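Reader: I would like to learn how to read metal sites, sheets and salt bridges in a model. Please take one feature at a time.

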Amino acid sequence: MDFISRQEKLSVLLHSRGLDSLVVTSLANIFYLTGFRGSAGVAVAGSSGMSLWVDPRYTVQARAEAAGAEVHEVRAGLLEAAGRWLRKHGPRRIGYDESNLSCRGYENLRRAGGKRPSWSPAAGLVERLRAVKDSCETERIRQACRLTAEVFEEVVPEVRPGIKELDLAAELDYRMKRKGGEGPAFETIVASGRRAALPHARPTAKLLEKGDLVIFDLGVILHGYAADMTRTVYLGCAPARVRKLYQSVREAQERGIATLRPGAPAGSVDQAVRTLLKRRGLDRYFTHSTGHGVGIEIHEAPRLGRGEKARLSAGAVVTVEPGIYLEGAGGIRIEDTVLVGAGGAEILTPVSKGRWILG
Ligand code: ZN
Ligand code: ZN
């Protein structure tokens, strides 16, 4: 991974904001900028490169993973240590990430950093860089998506009436790890029957029944990068009413994906999906936004929500995931992870969407 070029891009961004240094407190951002993947750490980015503070559990790991950063070991008080270093090294205009810093952490950092520098909130700078993936990142996401698709293809023949939601979720998670993944990127969703009307249902001991719609939402983490995919299957021979609803969600998703291109406002994707569903009288059952960026985190920039003005860039990786949720009856969602390429969209989770299971 090309950490140096990421750090250089951040330097340019800092300069444009009139900042000398940025205190990086999000672990995802630290991983992006240095390669370090521990569960605790603080970093400072500046024109002279990256400095990273870790506790003794992570010293060896940090020196190996964050080879380009200056690694400092401290037994306690990572933020205070970073603050003391900043006081000593004297940058005058320091940015901090107010979205990833507690009030107490901020106070400790400022106290240790002294009175001389000015402190400015600067959340979202690294996230803005992360929204455009480099080729190494898209390759990792592509692999994570491929593995997710394989796992789903393997488990789907076992889907039948009488099997527990929890057992299917466990089987999906197990296979993710057996195939070399680090584990699920989020709690795997298997939601059947009425439970499929809950967009973020947790799997339960409920048994699948004939006539259930079953939503599977899963994604693996592989080499630090996530995938995200949803498929809905019907247990039995789907009646015309269900087929029609399914077809509407599928077409809405196709419209959304067709809108993905560099320069398109993020909100236009949501608009395309919602317009199709509205035409079918289904828009009021679509209760969440159309999609989100995927990368080191399962939900990151850009957000494909209503009215979002940010423009999509080539190299963005996003989900397109329309769904309809009918309380007391069930739900249908179809989701792919999609790369916005210079020439248009590339679906990274190419699992069939025309699948109906006979119970
Ligand atoms: Zn999902
Ligand atoms: Zn998603």
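Reader: What spacing do the donors of the zinc ion (ligand 2) follow along the chain?

Author: First, the ground rules. This is a predicted model, in which local features need pLDDT of at least 70 and side-chain atom pairs count only at pLDDT 80 or more, while totals for chains, interfaces and linings use all residues. Residues are numbered from 1 along each chain as its sequence is written, chains are lettered from A and ligands numbered from 1 in the order in which they are written, and side-chain values use heavy atoms, with hydrogens and water left out.

Author: Donors are N, O and S atoms within 2.8 Å of the metal (3.2 Å for Na, K and Ca); water is not among the atoms, so sites may look incomplete. Here the spacing is D-x63-H-x28-E-x13-E. The protein donors are Asp228 (OD), His292 (NE2), Glu321 (OE) and Glu335 (OE), at 2.1 to 2.2 Å from the zinc ion (ligand 2). Asp228 also coordinates the zinc ion (ligand 1), and the two ions are 3.2 Å apart.

Reader: Why is the arrangement around the zinc ion (ligand 2) irregular?

Author: Ideal angles at a metal are 109.5 degrees for four tetrahedral donors. Four donors count as tetrahedral if all angles lie between 85 and 135 degrees; four count as square planar and six as octahedral if opposite donors are over 155 degrees apart and all others between 65 and 115; anything else is irregular. The four donor atoms here subtend angles of 79 to 150 degrees, so the arrangement is irregular.

Reader: Is His292 buried or exposed?

Author: Buried means under 20% relative accessible area, exposed over 50%, and partly exposed in between (1.4 Å probe, protein chains only). His292 is buried because its relative accessibility is 8%. Glu321, at 9%, is buried as well.

Reader: In what order do the strands of the open sheet of six lie?

Author: Strands of a sheet pair through backbone hydrogen bonds, either parallel or antiparallel. Strands (E, at least two residues) are DSSP runs, numbered from the N terminus, and two of them pair if DSSP finds at least two bridges between them. The order is β4-β3-β2-β1-β5-β6, with mixed pairing. β4 (70–73) and β6 (118–121) are the edge strands. Strands β1 and β5 run parallel, joined by three bridges.

Reader: How many salt bridges are there?

Author: Side chains of opposite charge can pair when their charged atoms come close. The rule asks for a side-chain nitrogen of Lys or Arg within 4 Å of a carboxyl oxygen of Asp or Glu. The count is 26. One of them joins Glu182 to Arg37 at 2.9 Å, N to O.

How values were computed
Helices (H or I, at least four residues) and strands (E, at least two) are DSSP runs, numbered from the N terminus.
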